Amino acid sequence: MSMPAALAEVMSDFNEVEGQDKLALLLEFANELPALPTDLEEAAMEPVPECQSPLFLHVDAEDPNHVRLYFSAPAEAPTTRGFAAILAAGLDGQSAADILGVPDDFYGELGLANLISPLRLRGMSAMLARIKRRLE
């Protein structure tokens, strides 16, 4: 399974904690979601309706060797923000080829399936699918 080193590191962080500590780690990620650049407005971003909370993303693939990812999710949606932050931490700045190589179900390796509803996990899958569509 091909995985960018940054995403493998995030997954390793999740694999080192158990149970409720995984949720605490997800919340830490949610708090670290990078702010949008001032020149990028939510209106110019793509909504991800599969997410349970309003989430918008923007993929800047002008340089296919250094793809930039931007996410916007409300503070009152920590799970969605956490998923976006995981993708930002693991995939922002990677090459399009590396991102396209990430398995669609990689989030299963985070060990959150017992803690978060399948509907919410599908939101993370939808984010990755939309990012990949922008890069194909």
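**A close look at helix α2**

Mentor: Happy to! In α2, the buried residues are Lys 22, Leu 25, Leu 26, Phe 29 and Ala 30. Looking down the axis of α2, you will find these buried residues within an arc of 150°, so they line one face of the helix. Gln 20 and Asn 31, on the other side of α2, are exposed. Please keep in mind that this is a predicted model.

Now check the length of the helix.

What covers the buried residues of α2? The cover includes α1 and α3.

Next, turn to the aromatic rings. A pair of such rings is described by the distance of the centres and the angle of the planes. The model has 2 aromatic pairs. In one of them, the centres of the Phe 14 and Phe 29 rings are 5.7 Å apart and the planes meet at 20°; planes under 30 degrees apart count as stacked, so this pair is stacked. Phe 14 sits in helix α1 (residues 5-15) and Phe 29 in helix α2 (residues 20-31), 15 residues apart, and so the pair links distant parts of the chain. Phe 14 counts as buried because its relative accessibility is 0%, and Phe 29 counts as buried at 8%, since the cut-off for buried is under 20%.

Phe 106 and Tyr 107 form an aromatic pair too, with 6.2 Å from centre to centre and 80° between the planes, which is edge-to-face. Phe 106 is buried, with a relative accessible area of 1%, and Tyr 107 is buried, with 17%.

Let us now step back to the wider setting. In soluble globular proteins, nonpolar side chains tend to be buried together. Here the largest nonpolar core has 40 residues, and those touching the most other members are Phe 14, Phe 71, Ile 86, Phe 106, Met 127 and Ile 131. Two or more residues of this core come from each of α1, α2, β2 (56-60), β3 (68-72), α3 (78-91), α4 (96-100) and α5 (118-135). Take Met 127 as an example: leaving aside neighbours within four places in sequence, Met 127 is in contact with residues including Val 48, Leu 57, Phe 71, Phe 83 and Leu 87.

Definitions and conventions:
Residues numbered from 1 in each chain as written. Predicted model: local features only at pLDDT ≥ 70, side-chain atom pairs only at ≥ 80, totals over all residues. Heavy atoms only, no water. Phe/Tyr/Trp six-rings, centres within 6.5 Å; stacked < 30°, edge-to-face > 60°. Helix = DSSP H or I, 4+ residues; strand = E, 2+ residues; numbered from the N terminus. Buried < 20%, exposed > 50% of the residue type's maximum accessible area, 1.4 Å probe, protein only. Core = buried A, V, L, I, M, F, W, Y, C linked by side-chain atoms within 4.5 Å. Contact = heavy atoms within 4.5 Å. Arc of directions from axis to C-beta.
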